[in-house]
Amino acid sequence: MEKKLPVKLIYKKSLFVELVRLDNNFLYSTRNRNNERWQVFAFEDTPKLRKDIAELNGQSYIEGTYNEQH
């Protein structure tokens, strides 16, 4: 039986572009269920991905939590 990868969905295109640039594992994209004009981008959910998301949003990432930097 094939093990499924954990997936993190990204709704913002500019964040998607930065995460790809930072060499995160992009899996696929699909249409947003709420608005078909928009895309949703799926990445393998890893600690690196979460750390990169936090840093790009001006936050820090500590063991599975987000903390705002002041």
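**A close look at Asn24 and its surroundings**

Reply: Let's start with a side chain that touches another one: the side chain of Asn24 makes a polar contact with the side chain of Asp52, at 2.9 Å. Before going further, keep in mind that this is a predicted model. Across the protein chain the pLDDT averages 89, and 87% of the residues score at least 70.

So where is Asn24? You'll find Asn24 in the loop between helix 1 and strand 2. Is Asn24 buried or exposed? Asn24 counts as buried because its relative accessible area is 9%, and the cut-off for buried is under 20%. The side chain of Asn24 also reaches back to the backbone oxygen of Leu19, at 3.0 Å. If you leave aside the neighbours within four places in sequence, Asn24 is in contact with Leu19, Phe43, Lys48, Leu49 and Asp52.

Take helix 2 (47-56) to begin with. Its buried residues are Leu49, Asp52, Ile53 and Ala54. Among them are Leu49 and Asp52, both of which are contacts of Asn24. Lys48 lies in helix 2 too. With a relative accessibility of 40%, Lys48 counts as partly exposed. Its side chain reaches the backbone oxygen of Leu22 at 2.8 Å. Not counting residues up to four places away in sequence, Lys48 touches Leu22, Asp23 and Asn24. For a sense of scale, Lys48 and Asn25 are 23 residues apart in sequence, and their C-alpha atoms are 9.9 Å apart in space. Just after helix 2, Gly58 takes a positive phi of about 70°.

Now look at Asp23, which is in the loop between helix 1 and strand 2. Is Asp23 buried or exposed? Asp23 counts as exposed because its relative accessibility is 65%, and exposed means over 50%. Its backbone is worth a look as well: just after helix 1, Asp23 takes a positive phi of about 70°, and Asp23 is a residue other than glycine. Most residues other than glycine have a negative phi.

Next, go back to Leu19, whose backbone oxygen the side chain of Asn24 reaches. Leu19 belongs to helix 1 (residues 13-21), where Leu15, Phe16 and Leu19 are buried. Those three cover an arc of only 105° around the axis, which puts them on the same side of helix 1. The face turned away from that buried side carries the exposed residues Lys13 and Arg21. What covers the buried residues of helix 1? The cover includes strand 1 (7-10), strand 2 (26-31), strand 3 and helix 2.

Together with Phe26 and Phe41, they form one aromatic cluster.

Finally, step back and see the whole chain. The protein chain has 2 helices and 5 strands, and along the sequence they follow the pattern β-α-β-β-α-β-β. Of its 70 residues, 24% count as buried, and Asn24 is one of the buried residues. The chain exposes about 5,700 Å², and carbon and sulfur atoms supply 50% of that. Among the contacts with a separation of 6 or more, 43% come from residues 24 or more positions apart.

One last caution about confidence. Strand 3 (residues 39-44) has the highest confidence, with a mean of 98, while strand 5 (residues 65-68) has the lowest, at 53. Where pLDDT is low, the predicted coordinates should not be read in detail.

Technical notes
Residues are numbered from 1 along each chain as its sequence is written. This is a predicted model: local features need pLDDT of at least 70, side-chain atom pairs count only at pLDDT 80 or more; totals for chains, interfaces and linings use all residues. Side-chain values use heavy atoms; hydrogens and water are left out. Helices (H or I, at least four residues) and strands (E, at least two) are DSSP runs, numbered from the N terminus. Buried means under 20% relative accessible area, exposed over 50%, partly exposed in between (1.4 Å probe, protein chains only). Contact means heavy atoms within 4.5 Å. Accessible areas come from the Shrake-Rupley method with a 1.4 Å probe; for residues, only the protein chains shown count as cover. pLDDT is the predictor's confidence in each residue, from 0 to 100. The arc is that of the directions from the helix axis to the C-beta atoms. Rings of Phe, Tyr and Trp (its six-membered ring) pair if their centres lie within 6.5 Å; planes under 30 degrees apart count as stacked, over 60 as edge-to-face and the rest as tilted. A polar contact is a pair of N or O atoms within 3.5 Å; within protein, one must be able to donate a hydrogen and the other to accept it, and residues adjacent in sequence count only if both atoms are side-chain atoms.
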